[in-house]
Amino acid sequence: MADGTFAVLLLAFGLTDMAQNHCGTDAGCLAGNDRQARFAISAGEVLERRAQPAGEIYLRYDFGRGFGPFGTAAGLSVGEKGELWLGYGVTYELTRPDTPYFAELHLMPGLYAPNDGFDLGGPLEFRSGIEFGYETRSGVRFGLAYDHRSNADIFAQNPGIETVQLRVSFPM
């Protein structure tokens, strides 16, 4: 159970990076910058917590524009019982230039419709997670992602779910 752990890690790493490497420059702490735009497709399964295990397809677009150390992304997931989630938020990438391996954290608020699937307690649900992966020389990435969705207790019910996914992303 991840709860808000990934969101806290994203903020801790991102704000530390921002203070050390972006603030104090002429452009400022959240200066706009160019990044590699990517389209990703993931397939995975909701883990049994309070929800029954179920398949999910997740599409994500990482925009080619960032702000300070943060990237921006939009995502859409569809569960096997018609559950829909659509969100937009920030990413933070942990990489080293001398290795093809990477890790990426994300935090995305979004709208959720349970349809015939699991009720997460309300229409506003936050998705936060981490991906570990490998990037080929051509820029294609293969990753294993784990994320958590919940409404952060802003509604009376907040059961939350976790998802594990295999992800492939392509540079645009």
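This is a predicted model: local features need pLDDT of at least 70, side-chain atom pairs count only at pLDDT 80 or more; totals for chains, interfaces and linings use all residues.
User: Let's start with E3. How many bridges join it to E4?

Analyst: Nine bridges join strand E3 (residues 54-67) to strand E4 (residues 70-79), and the two run antiparallel.

User: Which residue in E4 stands opposite Tyr58?

Analyst: Ser77 in E4 stands opposite Tyr58.

User: And what happens in the hairpin of E3 and E4?

Analyst: Two residues lie between the strands of this hairpin, and Gly68 takes a positive phi near 60°.

User: What about E2 and E3, parallel or antiparallel?

Analyst: Strand E2 (residues 38-46) pairs with E3 in the antiparallel sense, over nine bridges. Within this pairing, Gly44 is placed opposite Glu56 of E3.

User: How many bridges join E1 to E3?

Analyst: Strand E1 (residues 32-34) is joined to E3 by three bridges, and these strands run antiparallel. The bridge partner of Asp34 in E3 is Arg65.

User: Changing topic: in which sense do E6 and E7 pair?

Analyst: Strand E6 (residues 101-113) and strand E7 (residues 124-135) pair in the antiparallel sense, with eleven bridges. Tyr101 stands opposite Tyr134 in E7.

User: Which residues make up E8, and how many bridges join E7 to it?

Analyst: Strand E8 covers residues 141-150, and ten bridges join E7 to it; the two strands run antiparallel. Here Glu131 faces its opposite residue, Ala145 in E8.

User: How many residues are between E7 and E8 in their hairpin?

Analyst: Five residues lie between E7 and E8 in that hairpin. Gly139, in the turn, has a positive phi of about 95°.

Conventions
Residues are numbered from 1 along each chain as its sequence is written. Side-chain values use heavy atoms; hydrogens and water are left out. Two strands pair if DSSP finds at least two bridges between them. Helices (H or I, at least four residues) and strands (E, at least two) are DSSP runs, numbered from the N terminus.
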